[in-house]
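Okay, let's get going. I have one structure for you today, and I'd like to walk through it with you residue by residue. Here it comes on the screen.

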Amino acid sequence: QVQLVESGGGLVQAGGSLRLSCAVSGSISSFNAMGWYRQAPGNERELVAAFTSRGNTNYADSVKGRFTISRDNAKNTVYLQMNSLKPEDTAVYYCKGDYGPGRSATWGQGTQVTVSS
């Protein structure tokens, strides 16, 4: 099946920046929608940023103005630029591809982002 591989996570101080990458083994056009989610211990996995099936972008209120989702079709890669990072952003970040309504989704293995004070 199509595989998603995240990279770019790490340890960064508050106020710093990171760029996450989600490499798709095939074409990103295989998915109707793609996005980034995150999950911290004890929390539900939550949407961070996404491209919808209509090509619009959607951001969680907590990251608006700080995070930007983008894609490079030639490289079959989706990115998440994270600026002005806060300790509250600490989580495992996952890339997700959706095939469509009522169809299965594909998840990456996740990449750890840790923001220190």
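So, where does Thr106 lie? Thr106 is in strand E10, residues 105-107. A quick word on those labels: helices (H or I, at least four residues) and strands (E, at least two) are DSSP runs, numbered from the N terminus.

Before I go further, the housekeeping. This is a predicted model, where local features need pLDDT of at least 70 and side-chain atom pairs count only at pLDDT 80 or more, while totals for chains, interfaces and linings use all residues. Residues are numbered from 1 along each chain as its sequence is written, and side-chain values use heavy atoms, with hydrogens and water left out.

Back to Thr106. Its relative accessible area is 4%, so Thr106 is buried. Buried here means under 20% relative accessible area, exposed means over 50%, and partly exposed is in between, with a 1.4 Å probe and protein chains only. Not counting residues up to four places away in sequence, Thr106 touches Gln1, Val2, Leu4, Phe31, Cys95, Lys96, Gly97 and Tyr99. Contact, by the way, means heavy atoms within 4.5 Å.

Now let's zoom out. How does the radius of gyration look? For 117 residues, a compact globule would have one near 13 Å, and the protein chain has 13 Å, which agrees. That radius is taken over C-alpha atoms, and the globule rule is 2.2 Å times the number of residues to the power 0.38. The C-alpha atoms fill a box of roughly 40 × 30 × 25 Å along the principal axes.

Of the 117 residues, 44% count as buried. Looking at contacts between residues at least 6 apart in sequence, 54% join residues at least 24 apart.

Next stop, Asp89. It sits in the loop between strand E8 (77-82) and strand E9 (91-98). Is Asp89 buried or exposed? Asp89 counts as buried, because its relative accessibility is 1%. What joins its side chain to Arg66? That would be a polar contact of 2.8 Å. For the term itself, we need a pair of N or O atoms within 3.5 Å; within protein, one must be able to donate a hydrogen and the other to accept it, and residues adjacent in sequence count only if both atoms are side-chain atoms. Leaving aside neighbours within four places in sequence, Asp89 is in contact with Arg38, Arg66, Phe67, Ser84, Val113 and Val115.

Ser84, from that list, is in the loop between E8 and E9 too. Ser84 counts as partly exposed, at 42% relative accessibility. Ser84 is not a glycine, yet its phi is positive, about 50 degrees. Asn76, in the loop between strand E7 (67-72) and E8, also has a positive phi, near 50 degrees, and is a residue other than glycine. For context, most residues other than glycine have a negative phi.

Last one: Ala91, in strand E9. Ala91 counts as buried at 3% relative accessibility. Leaving aside neighbours within four places in sequence, Ala91 is in contact with Arg38, Gln39, Ala40, Thr111, Gln112 and Val113. And the C-alpha atoms of Ala91 and Asn43, 48 residues apart along the chain, are separated by 9.5 Å. That's my tour, thanks.
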